[in-house]
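Biologist: I have a structure open here and would like to go through it. Could you take me through it step by step?

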Amino acid sequence: MDEAILKLLREQPSAFVSGEEISRELNVSRTAIWKRMKSLRASGYEIEASRRLGYRLIRSPDLLTPSEIKPLLKTKRLGKVIHYFRSIGSTNAEAYRLALRGASEGEVVIAESQEKGRGRLGRNWFSPPLLNLYLSVILRPPIPPHQASLMTLMAAVATAQGIEEFSGLHPVIKWPNDILVKNRKVAGLLNEIHSETDRIHFLILGIGVNLNMDGRMFSKEIRDVATSLKMEMGKAISRKDFVRRLLEILEKWYEVFLKEGGKAILEAWKERAQIRGKQVKVSSFGETLVGRAIDVDSEGRLILETETGEQRRVVAGDVEYLKKVNDQ
Ligand code: BT5
C-alpha cells in the first residue's frame with residue numbers, strides 16, 4: 001500500500017492529492033491512509049499534510065525501495081521486479097530461494113542490510129544498514145555451467161563501469177571478483193549457480209558495493225583493506241541513482257553476451273584488470289601457486305606460468321599480487 005500511495009503522490013509532483021482521492025483509488029479508509037502516512041514519515045519521507053488540500057510529497061529518503069528505484073529505471077528486464085528487505089540474512093540466499101520457486105530472469109533482491117552477507121568460500125560480507133548496496137540479480141542464461149565464470153566477469157565489468165561513471169575514479173578488477181580503488185576493495189561479487197551437467201537453470205549475480213560508508217565504520221579486520229565511494233570521493237552519493245545505473249549497465253552487457261557471446265566482455269574485463277605479466281600468488285582449493293599471470297581464457301580461467309615454467313589454468317581462487325600495483 002505504501003508503494004501505491006507514493007505512486008499517487010509522485011504522479012502530481014508538488015501538488016496536493018486529497019485524502020478522498022487516495023482513499024477512492026486504493027479503496028481504503030481515510031484513517032488507514034493517515035496511518036500509512038505516519039509510517040512513511042517514520043521511514044524518512046517528508047510529507048506535508050493539509051486538512052483542506054490533502055497530502056504532498058516534499059522529499060524522499062535515499063532508500064532502495066521499489067518505489068524509489070523503479071520510476072526512473074530504464075531497463076527492459078533487470079529490476080522490473082524488486083524484492084526489497086529492510087534486513088535479510090543474505091540477498092543471494094533469498095534470490096536463490098525465489099529462483100528455485102520459479103522467479104523470472106531479471107528479478108532482483110535488494111536489502112538495506114544483511115545479517116549474514118556472504119563472501120566466497122564461506123567468508124562474510126560486512127553489510128551495515130542504509131549505507132551501501134547489497135544486490136542479487138536472477139539470470140537464466142542458456143549456457144553450460146563451465147561458462148558461468150563469464151557471468152562473474154560480466155558483473156565485475158558492469159560494477160567497475162558503474163563506479164567509474166559515478167565517481168570518476170578508475171577501479172581495477174582483481175581476478176576473479178574484487179573491485180579495487182587505490183588497492184582497496186570497494187566491491188565484491190558472489191555468483192552462485194544452480195545447474196545440471198549440461199545447462200544452467202539459473203544464476204545469481206550477487207553484488208556488494210561500499211557506497212556511503214566511512215572508514216571508522218568498517219570492522220577492524222578490514223579497515224586497512226576496504227574503502228567506499230564516499231571515502232574516495234569525499235562526499236556521499238545517491239544510492240538509488242547508483243543502483244539504477246548499475247542495473248542499466250548490467251543489462252546492456254547481458255544483451256551483448258546473449259547476442260554475441262563472451263568476447264566483448266572478456267576484452268573489457270582484460271582492459272580493466274590489467275593482470276597480464278603480474279607476479280601473483282594464487283590459492284586455489286588448498287594449493288598455492290606462484291608465478292606470472294599470462295592471461296584469462298575464454299571461460300574466465302586464470303592462465304598462470306609457474307616458477308618451473310609450467311602453464312596452469314585456475315578456475316577459482318584468491319590472488320595476491322606479489323609486487324605492489326601502481327595506485328590508480
Ligand atoms: C566477495 O567475497 O568479495 C563477495 C562479496 C559479495 C557480497 C554480495 S552483497 C549482495 C550479495 N548477497 C550476499 O550475501 N553476498 C553478495 P570474497 O572474495 O570471499 O571476499 C570476502 C572478504 O572481503 C572478507 O573475508 C573480508 O576480508 C573482505 N570484506 C568483507 N566485507 C567487506 C566489505 N564490506 N568491503 C570490503 N571488503 C570486505
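Predicted model: local features only at pLDDT ≥ 70, side-chain atom pairs only at ≥ 80, totals over all residues.

Biologist: Let's start with β5. How many of the residues of strand β5 are buried?

Modeller: 7 of the 7, residues 133-139, so the strand is largely enclosed by the rest of the structure. Buried means under 20% relative accessible area, exposed is over 50%, and partly exposed is in between, with a 1.4 Å probe and protein chains only. Strands (E, at least two residues) and helices (H or I, at least four) are DSSP runs, numbered from the N terminus.

Biologist: Which residues of β5 point one way, and which the other?

Modeller: Leu 133, Leu 135, Val 137 and Leu 139 point one way, while Tyr 134, Ser 136 and Ile 138 point the other way.

Biologist: Which strands does β5 pair with?

Modeller: One is β4 (residues 108-111), antiparallel to β5 over 4 bridges. Another is β9 (residues 200-209), also antiparallel, with 7 bridges. Two strands pair if DSSP finds at least two bridges between them. On the β9 side, Ser 136 faces Gly 206.

Biologist: And the whole sheet, what is the strand order?

Modeller: The order is β3-β4-β5-β9-β8-β7-β6, an open sheet of 7 strands with mixed pairing. At the edges are β3 (82-85) and β6 (172-174); each has a single partner strand, so one side of each is left without a neighbour in the sheet. From one strand to the next, the twist averages 20°.

Biologist: Which strands does helix α8 touch?

Modeller: Helix α8 (residues 239-260) packs on the sheet and touches β4, β5 and β9, where contact means heavy atoms within 4.5 Å. Its direction makes about 30° with that of β5. Axes are lines fitted to C-alpha atoms, for helices over the stretch in contact, and angles run from 0 to 180 degrees between N-to-C directions.

Biologist: New topic, the ligand. How many residues surround it?

Modeller: There are 28, each with a heavy atom within 4 Å of the ligand. The closest are Ser 90, Arg 118, Arg 123, Lys 185 and Asn 210.

Biologist: Which atoms of Ser 90, Arg 118 and Arg 123 lie 2.7 Å from a ligand oxygen?

Modeller: For Ser 90 it is a polar side-chain atom. For Arg 118 it is a backbone N or O atom, and for Arg 123 an N or O atom in the side chain.

Biologist: Back to α8. Is Arg 239 buried or exposed?

Modeller: Arg 239, which is in helix α8, has 1% relative accessibility, so it counts as buried. A polar atom of its side chain is 2.9 Å from the backbone oxygen of Asn 132. Leaving out residues up to four places away in sequence, Arg 239 touches several others, including Asp 62, Glu 112 and Leu 211.

Biologist: And Val 256, what is its relative accessibility?

Modeller: Val 256, also placed in helix α8, is at 21%, so it counts as partly exposed. Val 256 is 18 residues from Ser 238 in sequence and 28 Å from it in space, C-alpha to C-alpha.

Definitions and conventions
Residues numbered from 1 in each chain as written. Heavy atoms only, no water. Polar contact = N/O pair within 3.5 Å; in protein donor to acceptor, adjacent residues only side chain to side chain.
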